[in-house]
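Please examine the sequence and the three-dimensional structure shown below. The report that follows is intended to be read alongside them.

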Amino acid sequence: MSRSVSKGPFVDGYLLKKAEKSRSSGRNEVIKIWSRRSTILPQFVGLTFGVYNGQKFIPVSVNEDMIGHKFGEFSPTRTFHSHSGDKKATKGKAAG
């Protein structure tokens with residue numbers, strides 16, 4: 001279920017402060033954040049955020065197409081290696 005329009009998008013308060021501080025300093029450094037649930041706002045365009053995925057910080061540079069999405073969508077928490085049956089298929093292709 002989506003969030004009510006009357007409430008507006010959810011963004012953690014510290015995130016707005018960090019983004020504003022980074023913009024005013026003029027340096028383009030990675031802003032480390034843990035808030036995967038926060039919505040990307042137009043104020044964040046052009047900044048780079050390090051979104052924590054439970055193991056490491058994934059750098060996400062925000063562009064205009066990302067507005068309205070959540071930060072967690074751009075930093076996957078699981079790594080897919082392959083299905084168990086695919087090992088035979090890749091060996092056969094490499095040899096042939």
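## Basis of the report

This is a predicted model, in which local features need pLDDT of at least 70 and side-chain atom pairs count only at pLDDT 80 or more, while totals for chains, interfaces and linings use all residues. Residues are numbered from 1 along each chain as its sequence is written, and side-chain values use heavy atoms, with hydrogens and water left out.

## The sheet

Three strands form an open sheet in the order β1-β2-β3, with mixed pairing. Strands (E, at least two residues) and helices (H or I, at least four) are DSSP runs, numbered from the N terminus. Two strands pair if DSSP finds at least two bridges between them. The edge strands, β1 and β3, each pair on one side only. From one strand to the next, the twist averages 30 degrees; axes are lines fitted to C-alpha atoms, for helices over the stretch in contact, and angles run from 0 to 180 degrees between N-to-C directions.

Three bridges join β1 and β2 in the parallel sense. Lys32 has Gly50 in β2 as its bridge partner, and Ile31 stands opposite Phe49 in β2. The strands β2 and β3 run antiparallel and are joined by five bridges. Gly50 has Pro59 in β3 as its bridge partner, while Val51 has Ile58 in β3.

## Covered and uncovered parts

Helix α1 lies across β1 and β2 and runs at about 175 degrees to β1. Contact here means heavy atoms within 4.5 Å. Strand β2 is mostly covered, since four of its five residues are buried. A residue is called buried under 20% relative accessible area, exposed over 50%, and partly exposed in between (1.4 Å probe, protein chains only). Strand β3 has a covered face, Ile58 and Val60, and an uncovered face, Phe57, Pro59 and Ser61.

## The nonpolar core

In soluble globular proteins, nonpolar side chains tend to be buried together. A nonpolar core is a set of buried Ala, Val, Leu, Ile, Met, Phe, Trp, Tyr and Cys residues joined through side-chain atoms within 4.5 Å. The largest such core in this model has 15 residues, and those with the most contacts inside it are Leu15, Ile33, Phe44, Phe49, Val62 and Phe71. The elements that give two or more residues to this core are α1, β1 and β2.

Which residues does Phe71 touch, not counting residues up to four places away in sequence? Among them are Leu15, Ile33, Phe44, Phe49, Val51 and Val62, and the list also includes Ser35, Arg36 and Thr39.

## Aromatic pairs

How many aromatic pairs does a search of the whole structure find? The search finds six. Rings of Phe, Tyr and Trp (its six-membered ring) pair if their centres lie within 6.5 Å; planes under 30 degrees apart count as stacked, over 60 as edge-to-face and the rest as tilted. One of the pairs is that of Trp34 and Phe57, which is edge-to-face, at 5.2 Å centre to centre with 85 degrees between the planes. This pair links distant parts of the chain, 23 residues apart: Trp34 is in the loop between β1 (31-33) and β2 (48-52), and Phe57 is in strand β3 (residues 57-61). Phe57 is partly exposed, as its relative accessible area is 27%.

Phe44 and Phe71 form a tilted pair, at 5.9 Å centre to centre with 40 degrees between the planes. Phe44 lies in the loop between β1 and β2 and Phe71 in the loop between β3 and α2 (86-95), so this pair ties together parts that are 27 residues apart in sequence. Both Phe44 and Phe71 are buried.

Is Asp12 buried or exposed? Asp12 is buried, because its relative accessible area is 14%. Asp12 is found in the segment before α1 (13-25) and touches Ser35, Arg37 and Ser38, not counting residues up to four places away in sequence.

Gly54 is located in the loop between β2 and β3. These two strands form a hairpin with four residues between them, and Gly54 in the turn has a positive phi of about 100 degrees. Gly54 is exposed, with a relative accessible area of 55%. Gly54 and Pro76 are 22 residues apart in sequence and 9.6 Å apart in space, C-alpha to C-alpha.
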